[in-house]
Amino acid sequence: MNNLLNYEPPNDHFLNRVILITGANRGIGRSLAKALLHYGATVVLHGRDLKALNSVVNESCYDKKNYSLEILDLKSTDKRLYENFTNQILKKYGKLDGVVHNAGILGERKTIENYNADIWNNVLQVNLNSVFMLTKELLPLLHHSSDPSMIFTTSGVGNCGRAKWGAYSVSKFGVEGLAQTLADELKNTTIRVNYIDPGATRTDMRKKAYPDEDPNKLPSPDEILSLYLYLLGPDSTGITGHRMKV
Ligand SMILES: NC(=O)c1ccc[n+]([C@@H]2O[C@H](COP(=O)([O-])OP(=O)(O)OC[C@H]3O[C@@H](n4cnc5c(N)ncnc54)[C@H](OP(=O)(O)O)[C@@H]3O)[C@@H](O)[C@H]2O)c1
């Protein structure tokens, strides 16, 4: 595992691979999208705001053939929006070789007794229910790939409950259950399913969770990408059902 944390793919490692990253406009998703473009992937950048997504690709003037920007608000429970989102990708590329379920929200840091029910439902929708809805729609596209990989994102509170992590923690427990169930269901196929806890990383979400912490003491999103790159590329073929921690 230690070696994997230093894993670095060769140039053009992701050539001809189409990879979807949810929540690609900032934080870990933004860094991962840029890294994948750098290593030759065709990247589908998901977000809910076109302007924010454009800022990712404009920064480095990537070739328009190598990416597309797709909009979907994960708060939505409308199944048709998930179908339309998937159909856009199907029309453009005909397949997906990788999916990283990265988008997420923190909710509030309160005890269960004081937790706002609307916020609870919203966190469960964005962090868990939308992940199920999207996974269900995207699986046929992964079946069209010769070496498909799906990554879910968990957290340190995704398998160990802790006070005042409320809906966030519960949603990540759900994500781990979803990933384990799917990995088992797909064990006789080529689709590998793994889930990553990225650990403390210098992003807006971390700042919101720990406002008094010095962000400069944390790794930047660019520094924690090795496991993602390993699991998305051909070096991890056959590796499935694993929880990995950066
Ligand atoms: N940072 C850490 O220390 C840490 C530790 C453990 C796990 N994680 C996990 O790692 C993942 C990435 O976290 P991060 O720290 O990079 O968070 P972040 O900087 O807050 O970014 C979150 C991303 O999710 C998107 N998103 C949120 N709500 C959405 C919605 N309704 N529809 C579509 N997109 C939405 C955001 O888009 P908008 O800009 O439109 O809001 C943004 O792109 C999350 O799953 C998080 O739980 C992070």
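**Labels and their cut-offs**

Mentor: Helices (H or I, at least four residues) and strands (E, at least two) are DSSP runs, numbered from the N terminus. Contact means heavy atoms within 4.5 Å. This is a predicted model, where local features need pLDDT of at least 70, side-chain atom pairs count only at pLDDT 80 or more, and totals for chains, interfaces and linings use all residues. Residues are numbered from 1 along each chain as its sequence is written, and side-chain values use heavy atoms, with hydrogens and water left out.

Trainee: How do you know that the span of helix 1 agrees with its number of residues?

Mentor: The expected span is 1.5 Å times one less than the number of residues. Helix 1 (residues 27-38) has 12 residues and should span 16 Å; its end C-alpha atoms are 17 Å apart, so the two agree. Just after helix 1, G40 takes a positive phi of about 95°.

Trainee: Why is I224 called buried?

Mentor: Its relative accessibility is 4%, so I224 counts as buried. I224 sits in the loop between helix 6 (204-209) and helix 7 (226-232). Leaving out residues up to four places away in sequence, I224 touches I28, P198, T201, P219 and V246.

Trainee: Why do D12 and N16 get the labels they have?

Mentor: D12 has 49% relative accessibility, so D12 counts as partly exposed. N16 has 62%, so N16 counts as exposed. Phi of D12 is near 65°, a positive value in a residue other than glycine. N16 is not a glycine either, and its phi is positive at about 70°.

Trainee: What makes helix 3 oblique to helix 4?

Mentor: Helix 3 (residues 79-93) and helix 4 (residues 117-143) pack at about 45°, with axes 10 Å apart. Angles under 35 degrees count as roughly parallel, over 145 as roughly antiparallel, 65 to 115 as roughly perpendicular and the rest as oblique. Therefore helix 3 is oblique to helix 4. Their contact residues divide into 8 nonpolar, 3 polar and 3 charged. Here Ala, Val, Leu, Ile, Met, Phe, Trp, Tyr, Cys and Pro count as nonpolar, Asp, Glu, Lys and Arg as charged, and the others, Gly among them, as polar.

Trainee: And why does helix 4 get its label against helix 5?

Mentor: The two pack at an angle of about 20°, with axes 7 Å apart. So helix 4 is roughly parallel to helix 5. Their contact residues divide into 13 nonpolar, 5 polar and no charged.

Trainee: How do you know that the reach of helix 5 is close to the expected one?

Mentor: Helix 5 (residues 166-185) has 20 residues and reaches 29 Å from its first C-alpha to its last, close to the 28 Å expected. Among its buried residues are Y168, K172 and E176.

Conventions: Buried < 20%, exposed > 50% of the residue type's maximum accessible area, 1.4 Å probe, protein only. Axes fitted to C-alpha atoms, helices over the stretch in contact; angles between N-to-C directions.
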